[in-house]
Each structure stands twice: as structure tokens, then as C-alpha cells.
Amino acid sequence: MGKVTGFLEYERLEEGYEPVPRRVRTWKEFVITLTAEQAKVQGARCMDCGTPFCNSGCPVNNIIPDFNDLVFRGKPSDWRLAIETLHQTNNFPEFTGRVCPAPCEAACTLNVNDDPVGIKSIEHAIIDRAWTEGWVLPQPPATKTGRKVAVVGSGPAGLAAAQQLARAGHDVTVFEKNSRIGGLLRYGIPDFKMEKSHIDRRVEQMKAEGVAFRTGVVVGAWPEGSRVTNDATETLAAGELLAGFDAVLLAGGAEQSRDLPVPGRELDGVHFAMEFLPQQNKVVAGDRLHGQLRADGKHVIVIGGGDTGSDCVGTSNRHGAASVTQFELMPMPPEHEDKPLTWPYWPTKLRTSSSHEEGCGREFAIATKEFIAGSGKAAGKVVGLKTVHVQWQGGRMVEVPGTEKTWKADLVLLAMGFVSPVAGVLDAFGVSRDNRGNARAGTGAAGGYATNVPKVFAAGDMRRGQSLVVWAIREGRQAARAVDEFLMGSSALPR
């Protein structure tokens, strides 16, 4: 490494945030990226550790020590080589540099007894500078194979696969049911976490590489009454894709939300998070919606303590909610992990997001028993809910007597995760499903990502269930190699 003793000399520096009063008045990103000099110092903290566990902690296996060292060296040519190094393993570091929880940092050797290297902030700095300097350019193939591949779904898995397959020389068409490309990247992540211009410029790059995009197209029958965002104006039968393409990759998201079947669930004002969040993203993009779900002046309860719940908190605060409270069924985790026990794996610990810091009450070990209906003018609408605290005994959830409570609530958002892909696409192709409702497809070297249906593959949330953006990119890249091998007999694409 360029600075062997850097980890002894420099402290970790976090990316900054715009002040809360300023940032909640806008839908723009508010993270203050490291300057080139700050990134250089943070790169110097990367140890010459011998075995970089960060590489395996990262699902796409980013070559982290190398780009850290290049940023430390600091010349323009070093920064350019840093983005080339980053792009070797990650098609879209501007996505992961913003929304990835950074399992690489949990695995950092320095994290054993100190603060880990700020890998995510360095990645963020590299890709933002690369775009500013004009270093991110289309990479069209030198020759074409004449083979045609359909990719169903334009989230991170579908986009990564499409880009890799296009660069291998195949004619790739991406089908998306909504009016804009991006899948859950566009419709599930608020703009204040990731502005959608980052997706748009990648789409332009991919078009220049030969990828075709068809929006507003549903592949297969769409389940009637589905609450998943869907702007489709055209339907394609699975047989049309099988007849018109040499391979089909199913890369849709795990969009079937986990429900909460308690009394009062049918009341107006109780909604899935994925009814609430996509609407705001569409409004930010310039769409005009009739009857948008909004939190203005309302007492909002968010049920679910994960990232989607946090996104609901941040969106509600920007709407001007009267109050926001987030419920989590599990007990409050420890504030600090037991590093000797958990390192280099992802630890369970209390995580406070930027949205929580903007204003949010948090309740742990709490279960919702009933949604309360109003009367008079509020008849049929939710006006509150009843809860009870719980504890876990022998793996079972037990209610704690005497902890019942009634909460005021005008808007309840269910953000308890996703159970499976929407069934229509898988059923249309006749793809077998595992016991969680995902496409059954392995990842082995022989026949990886292939389903039971000839020439149909599956990757990302469609195959592994709800997961991280970085896992989706990994799956898309690996599935692209599997499809390329299927079509050509061998592949030069990376694993």
C-alpha cells in the first residue's frame, strides 16, 4: 500500500449531510461527498492486511484495496485507473455508492478493533469524479453474435445482465412494465437517497452499447387487483418471447409485499409501503397523479424496521407529517456489535438512518393487534391501532401482559419486507418455484441460473428473493455469463 502506517495516523471520516431543516424541504440528495483530498486520506487508512476480507464481504467482490491505493496516490491517471478497477466487478457503482449498506466495511480487517475503512465513501467519490471527468463511456462490442436475448425487468439485476450481454455482442432487449426504466431502483428508493438521473445516464450509455428498452410492457398475465406499480399499456405472452429470442432472463423484483392480516386491515389509510413510495417518485419525475397517498398533517405509523420502513419515514417527514413512529417486531438490537464474535460477517446492531435523524419515534418488540376504524365522517378510515409488547421465549413470540396500548394513526404503512416475485411472470413461463415462491434456479458452474424451462434463466430478487442492490448486480452479472455460455458454448465474461 502507498501509506503502510495510514491506519495508525488517520481517523475515519464519514460523509457529511446537509442540515435537517434544509434537506427535508427538498427531494434532492443531501450527502456531502468526500473531496479528493479527503478521499486520499481515507484511502491511506487501507491496511496492507495480507488477506483482504473486504473482497469477499462485498457480494460483487470489488477489488477494494487496489482502488483505495489508487485514490491515495491521487494523480488523475490513478483516479481513472480506480474507476476502471471498480468497473471490473461492478457495473453501477453510483448505485451501490449511495444505497449499499456496505458489508465490505463490516468485513474490513481494520474493523476488528477500530473503525473500518470508509470503502463506500471512496467508491462514491470515484464514480462521481469519473462521470464529471467524462471517463464513463459506452463500450459497444467489436463484433456481434447474431443471438437475441430478452431481459424481463429493468432493476439492477436486469440492467447489469443486459449490459454484460450487450458487451458480449448479443442483441439485448429489456422489457419493463412501468413507463420508466429502473425497477425498484426507480420506484422503491426515494430520490433523496438516489436521484434518478443516475439511472437515466446509464440507460443512455447502454443504448449506445446496443441495448434496446421497451417500457410499458407486461410479460405474461398480470394478477388482477395487484397493488404493485404497473403502467403497462401492452401485454406480451411468454410464448412470444420464447419464439422471438434465443434466451430469456427473468430479472424482476420481489414485489409481493408481506401483509398484516389483523382486524381492520381493509380500512382506508392502511397501505403497503410500495403503494406509497412509488407514487412520490413518480411525482418527483413530473407525473401528475390523482389521489396521491400523502402524509401531510397526519400521524403516521410505519410497521417494519428495515430500509423500506426508513424510506417511508423520510418521505413522510418531507410531506409534513404531524408525527412519525416506526414499529419493529424484534427486540432493540445492541448499540455496538460484539466484534470478536461477528467479524467479518454482517453484524446485528442498532442502525439509525438519516431518515430517523430527521424525526421519528421508534418502538421495538411491539406487535399490532388491530386497526381502529373511525366513526361519522371518518367511518371506514383508520384512526388508530392497538398494540402489545412482545418477548421471545424459546423461539416463540409471547405477548407481555399489561402492555396493551392504543395509538393515534391517520396513515399506516406496511413495510415488513417482500415475500416473493409477483406470480404472473413465473406462471406464464411455467417456471418452477421454490418453497418461498421464487424461481427455482441454481448458481452452479454447470447450468447456472437456468430454470426448468429450456432457454429461460432467472436472477436477482426473482431467483433469491428480497435482497440488496449489490446482490442483484452480482446475480445479473453471473446470469449474463451463464446465458452467454448457453448461447456460445463458452464465455469470456467474468464470473
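This is a predicted model: local features need pLDDT of at least 70, side-chain atom pairs count only at pLDDT 80 or more; totals for chains, interfaces and linings use all residues.
Let's start with exposure: a residue is buried under 20% relative accessible area, exposed over 50%, and partly exposed in between (1.4 Å probe, protein chains only). Residues are numbered from 1 along each chain as its sequence is written, and side-chain values use heavy atoms, with hydrogens and water left out.

R12 forms a salt bridge with E105, and their closest N and O atoms are 2.9 Å apart; a salt bridge here is a side-chain nitrogen of Lys or Arg within 4 Å of a carboxyl oxygen of Asp or Glu. The two come from distant parts of the chain: R12 sits in the loop between α1 (6-9) and β1 (16-17), E105 in helix α8 (residues 103-107), 93 residues apart. Helices (H or I, at least four residues) and strands (E, at least two) are DSSP runs, numbered from the N terminus.

R98 and E29 make another salt bridge, with 3.0 Å between the closest N and O atoms. R98 belongs to helix α7 (residues 93-99) and E29 to the loop between α2 (20-23) and β2 (31-32), so this pair ties together parts that are 69 residues apart in sequence. R98 counts as buried at 13% relative accessibility, while E29 is partly exposed at 22%.

Now for a local pair. E204 and K207 both lie in helix α12 (residues 197-208), 3 residues apart, or about one turn of the helix. An α-helix has 3.6 residues a turn, so residues three or four places apart point the same way. Their salt bridge has its closest N and O atoms 3.6 Å apart. E204 is partly exposed at 48%, and K207 is too, at 44%. Salt bridges that share partners also join R12, E14 and E105 into one network. In total, the count comes to 31 salt bridges.

So what does a buried charge without a salt bridge have around it? E123, in helix α9 (residues 119-133), is such a case: the nearest side chain of opposite charge, K120, is 8.3 Å away. (Lys and Arg count as positive, Asp and Glu as negative; His and the chain ends are not counted.) The E123 side chain does make a polar contact with the side chain of N90, at 3.3 Å. A polar contact is a pair of N or O atoms within 3.5 Å; within protein, one must be able to donate a hydrogen and the other to accept it, and residues adjacent in sequence count only if both atoms are side-chain atoms.

Finally, look at helix α14 (residues 273-284), which has 12 residues. Of these 12 residues, 9 are buried, so α14 is largely enclosed by the rest of the structure. Among the buried ones are M274, F276 and L277, along with charged E275 and K282. Just after α14, G286 takes a positive phi of about 110°.

Notes: The expected span of a helix is 1.5 Å times one less than its number of residues.
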